[in-house]
Amino acid sequence: MRIANHKSSLIDYSKPLSFIFNNKSYKGYQGDSLASALIANNVLYFARSFKYGRKRGLMGAGVEEPNALVSLEIGGRYTPNMKATEVMLYDGLSAVSSSNPNSFDFRAMIKPVHRFMPAGFYYKTFIKQKVWSLVEDSLRSLSGFSKAPSEVDEDVYDHVFQHTEILIVGGGVAGITAALEVLNHSKSARVILVDERENLGGELINEFSTDESSFAWHKDNVKKLLKFKNEENSRLKILTSATAYAWYDHNYIEVLQTNATGQSTLSEGVQSARKALHKIRAGEVILATGAHERPMLFETNDLANIMLSQSVRRYLEEFGVISGKKVILYGNNDSIYSTAIDLNNNSINCKVIDARAPGGESEIVLKAKDSGIDVLQGYAVKKAKGTSSITGIEISKVELQSKPPHWQSKWRLNKDTQTLECDLLATSGGFNPVVHLDCHCGGKTYFDEYSQSFLPQKERKNRKVCGAVNSVGFWKDAIVDAKNKAQQTLESMGEVKKASIQPLSKECLNYYKVDRFFTPIEILNKPKVFIDMQNDVTTLDVALAIREGYQSIEHIKRYTAMGFGTDQGKTGNINGIAVAAEFLDVPMSEVGTTTFRPAYTGVDFGAMAGREVGDFFDPQRYTTIHDSHVESGAEFEVVGQWYRPWFYPKHGEDMHQAVNRECRAVRKSLGMMDASTLGKIDVQGKDAREFLSRVYTNAWMKLAPGSCRYGLMCNEKGMIIDDGVSTCINDNHFIMTTTTGGAASVYSTLEMWLQTEWSDLDVHLNSVTDQFSTVAVVGPNARKLMEILCQDVDFNKDSFKFMQWRPGTVCGVNARIMRISFSGELAYEINVEANYGRFIWDQVAIAGRPWNITPYGTESMHVLRAEKGFIIVGQDTDGSMTPMDVNMNWILAKDKPFSYIGRRSFSISALNTNDRLQLVGLLTKDDQVVMPEGAHIISNKGVSIGYVTSSYYSPALGRSIALAQLKGGLSKMTETVLVKIVQEKQGLKEIPCEVSSSVFYDINGEKVDGNE
Amino acid sequence: MFLIDCPYCKESRDQNEFSPAGEAFIARPQNPEALSDEEWADYVFYRTNHKGDHWEQWVHTAGCRKYFLVKRSTISHEIIQVSTFGEIDSENAS
């Protein structure tokens, strides 16, 4: 309910908002979180738990909340698994529980058997019994998390790159102080201050009503910060509603910021982002991330309206709401008294139960007693009563054992119990410094007995910690600590000569007098003492894990799922460690923590992708002829970012029909294709020839200017990595072509050899792929067409031979004409300066009409080359194939003086066995069956002995053809093998094939000279 | 995400711009044919996988395209030194 006449500084009561939760309408105010607005509307249950389907209410008020998971909005704006405590209210917001607490739930129905479903239940029952596949779908649908989104995200998300000298994470007292200290004492240092909440101030806001000086301090210092922020050329950036969720190497920190309106806003036609991911590179980092309160442990501690003490206080102070009328506070430290005093000031009935024995009370305890609050000291809550929400508690007196026997904790609970009524229980078991971020990138923690917490390691390069994360909990002490750390940071940056340091007392490291973890074994041995609410992990699960032999906390975590999920163990993990320590009978420090890894909180995929979606997902490369292909209605295929025409369907043809037509045209008359995407590397220098002969397997020393040669490139392991034709322009100048997809990596590899091994060679490389357009004219009538297009070159087959090139003028454009062929037909490739590409393409198309010239795409190119048995590196080879494996021994030079790259490896024994995969042809017995690429060839024992790498229907042969890698294939010619394929509606089928040569068409190479 | 000083560009740039290129100072043998299979395998496959300060090659792929040397701690990922190939070799590297 909302507290009448509450003076919350953060709620704007003049701005009512309406919203929908679980299909019911509610009202809230500007400044409310979804959680606080629902408390105001007396909503008690927010979701059901993950495993047991137990109804759960709120436990926290911010990022620490494990239970209240909701999905926000619907359709293209649907966002799953948000914490209701972190969603700030906006008008029209709609949310549903990740698992609806108000509808029928199978998991909750089987409550009596929950005790037989401890950690490991699903594994032992289903996976170990090998029936998981039968039940997986139905079990997964029972889990308590939101459904995955099914629609494309409508919103936009931004990436923002930030650079700063100092990054301060946490905008509470310590963060604000550190920022001001830096800005006041440095003239140049830039500062970014990040806080996950909408308003700066952190937990200090909780002190406002009880300590007026805190309010004044906050007002004054936030004003000073804003003055710095609003200066011209401001050095200060403040990011609020922004969570620093990951810290990577070299002080690279990622921060997710939520647009305060909760949605993308459209202004002046520009859509602003729903969330922004800030990528911050910082010189120095000051962590002021604060601490999370940890709950106390007792039976059925997961009932609704059992909350953290400081969260109750935050709801009260910041939002002016409370979810009970009769409150009991329970804990082992002084912080519960501050909540009690607050409640008392607001005339809310409350009682304190302190697990610590009486004696040595702090001022605040006496103050609480003086103001008439009922205080019971030396009592423990054994059990919470109630079915789904709390109605009362059972308590017992705690007795300390002077010398507890092995396996028993130092406490003993009196058998006599009393029952107290309440409708809200707020607990505090101490504080866990938020060390997560510090540990993402190598930071370690140590257990500090004095403050009973895991603290970040004291010294780390370029990083300081201050405030509650350093266990300096009281706000006035935190100011001193933050000033000191800011001074030390300035000193290490050379901004001040000597850091001025104010002393801190030892007592301030445990200001709230947190007693040691309260883990009486009688309580831990009860069922339903929940440690991790989000993953339904109980103390007995930890005990079971230990009984089954898991000793390390990392193993216990994985066996029980403690600390998994979006919660990442914020409230539960440290209690879990304490419980494990109790069961293992070792000190906390020996158990240690699990490893903290990014991300600290859930990060939207949309935010990770940023604007790099849709058309901006990957760069798209087009040739200069691209528009013509689009006009011709080509279908495209993406090859290493290039958009290559795949085939050119005409008059409603499907791919098969179009490819057959294109292939026939090339084989019978004339085809043309855009070959501009092939990688081209300009190789110059007096050692260019020597260089080529080192990186290719064949000989290059005698290749004359005017000639071209095919080369095969291997790595030192002897495996094929690329192939292509290189052209000798003159003795010091070659143009190498590479595969379209391999251009960048080949170029990089060649540079590596030149720069790191052969710096003595006079060779320079330059990528010229984009500088040339290449039009291939292919088919028996190619010569006739070229003679029309180009008058200054003699195309006679005896003077311009296969694998030669000539400079010439094509339609008035300077060109290099290469007579090379990837189809076996007579073919010329016209290379012109890239901008003439479209012009030459059009001229070729017009001049070729008498021979019905047909443009063809990559699919036909593949069919034509497969008919000739030409390999495609990366399709017919996979990085584990030697030239011998693809039957290309002919290309291995025997007498080159330099041991070229890969050569030595060819003789190692493993590459010379008979059972290696070798490239062969496959002819299906039923010549019309085209097998899918990737289909496995199986032995008579049903084991894979190879696979199909290329498979097409060959129009020239009127049958299917395939290339395959087959174990020992080269010695299995004419044998029959079986290929296993899946056929539509027929299921698995074995296709008998004959092993053949990989050359299917024009075996003797008679077509290469074309028609006279 | 490392921040790497390119010794050629003389600028500190994000790791995005660079590619790693393996352990440094693995010289290609002068006469591979004279090596046993084991010796050849040692050059092709085996690396020290050193824990501690490690010399390695990087290339400024999206920048000057130059290969250079980086001394990096494989424990903390701190980059201790960068160098061009001329300045440092296996003899004077520490």
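User: A crossing is left-handed if the near helix is turned anticlockwise from the far one by less than a right angle, and right-handed if clockwise. Which is the crossing of H19(A) and H24(A), left-handed or right-handed?

Analyst: The crossing of H19(A) and H24(A) is right-handed. Helices (H or I, at least four residues) and strands (E, at least two) are DSSP runs, numbered from the N terminus. This is a predicted model, in which local features need pLDDT of at least 70 and side-chain atom pairs count only at pLDDT 80 or more, while totals for chains, interfaces and linings use all residues. Residues are numbered from 1 along each chain as its sequence is written, and chains are lettered from A and ligands numbered from 1 in the order in which they are written.

User: At what angle do H19(A) and H24(A) cross?

Analyst: The axes of H19 (residues 655–668) and H24 (residues 858–867) of chain A cross at roughly 60° and come within 9 Å. Axes are lines fitted to C-alpha atoms, for helices over the stretch in contact, and angles run from 0 to 180 degrees between N-to-C directions. H19(A) and H24(A) are therefore oblique to each other; angles under 35 degrees count as roughly parallel, over 145 as roughly antiparallel, 65 to 115 as roughly perpendicular and the rest as oblique.

User: Which residues of H19(A) and H24(A) meet?

Analyst: From H19(A) there are Met655(A), Val659(A), Glu662(A), Cys663(A) and Val666(A), and they meet Glu859(A), Ser860(A), Val863(A) and Leu864(A) of H24(A). Two residues are in contact if their C-beta atoms, placed from the backbone, lie within 7 Å. By class, this contact has 6 nonpolar, 1 polar and 2 charged residues. Ala, Val, Leu, Ile, Met, Phe, Trp, Tyr, Cys and Pro count as nonpolar, Asp, Glu, Lys and Arg as charged, and the others, Gly among them, as polar.

User: And what about H5(A) and H6(A): is their crossing left-handed or right-handed?

Analyst: H5(A) passes H6(A) in a left-handed crossing. The axes of H5 (residues 173–185) and H6 (residues 212–230) of chain A come within 10 Å and cross at roughly 45°, and the two helices are therefore oblique to each other. H5(A) contributes Ile176(A), Ala179(A), Leu180(A) and Leu183(A), while H6(A) contributes Asn221(A), Val222(A), Lys224(A), Leu225(A) and Phe228(A). This contact of H5(A) with H6(A) has 7 nonpolar, 1 polar and 1 charged residues.

User: Changing topic to sheets, in what order do the strands of the open sheet with E35(A) stand?

Analyst: The order is E35-E36-E37-E34-E38 in chain A, with 5 strands and antiparallel pairing. Two strands pair if DSSP finds at least two bridges between them. E35 (708–714) and E38 (764–767) of chain A stand at the edges with a single partner strand each, so one side of each has no neighbour in the sheet. From one strand to the next, the twist averages 25°.

User: How many bridges join E36(A) to E37(A), and which helices lie on the sheet?

Analyst: E36 (residues 720–730) and E37 (residues 733–738) of chain A run antiparallel and are joined by 4 bridges; Asn730(A) has His733(A) as its bridge partner in E37(A). Helix H20 (residues 688–695) of chain A lies across E34 (679–684), E35, E36 and E37 of chain A, at about 130° to E34(A). Helix H21 (residues 743–757) of chain A also packs on the sheet, where H21(A) touches E34, E35, E36, E37 and E38 of chain A and makes about 165° with the direction of E38(A).

User: How many residues of chain A are in contact with chain B?

Analyst: In chain A 19 residues are in contact with 20 residues of chain B. H21 and helix H25 (903–906) of chain A are the elements that give two or more residues to this side of chain A, and H21(A) gives the most, with 6 residues. The side of chain A that touches chain B divides into 4 nonpolar, 8 polar and 7 charged residues.

User: What is the secondary structure of chain B?

Analyst: Chain B comes to 1 helix and 6 strands, and from the N terminus on its elements run β-β-β-α-β-β-β. The C-alpha atoms of chain B fill a box of roughly 45 × 30 × 25 Å, taken along the principal axes.

User: Back to chain A: where is Ala599(A), and what kind of peptide bond joins Pro598(A) to Ala599(A)?

Analyst: Ala599(A) is in the loop between helix H16 (588–591) and helix H17 (605–609) of chain A. The peptide bond that joins Pro598(A) and Ala599(A) is cis, with omega about 0°.
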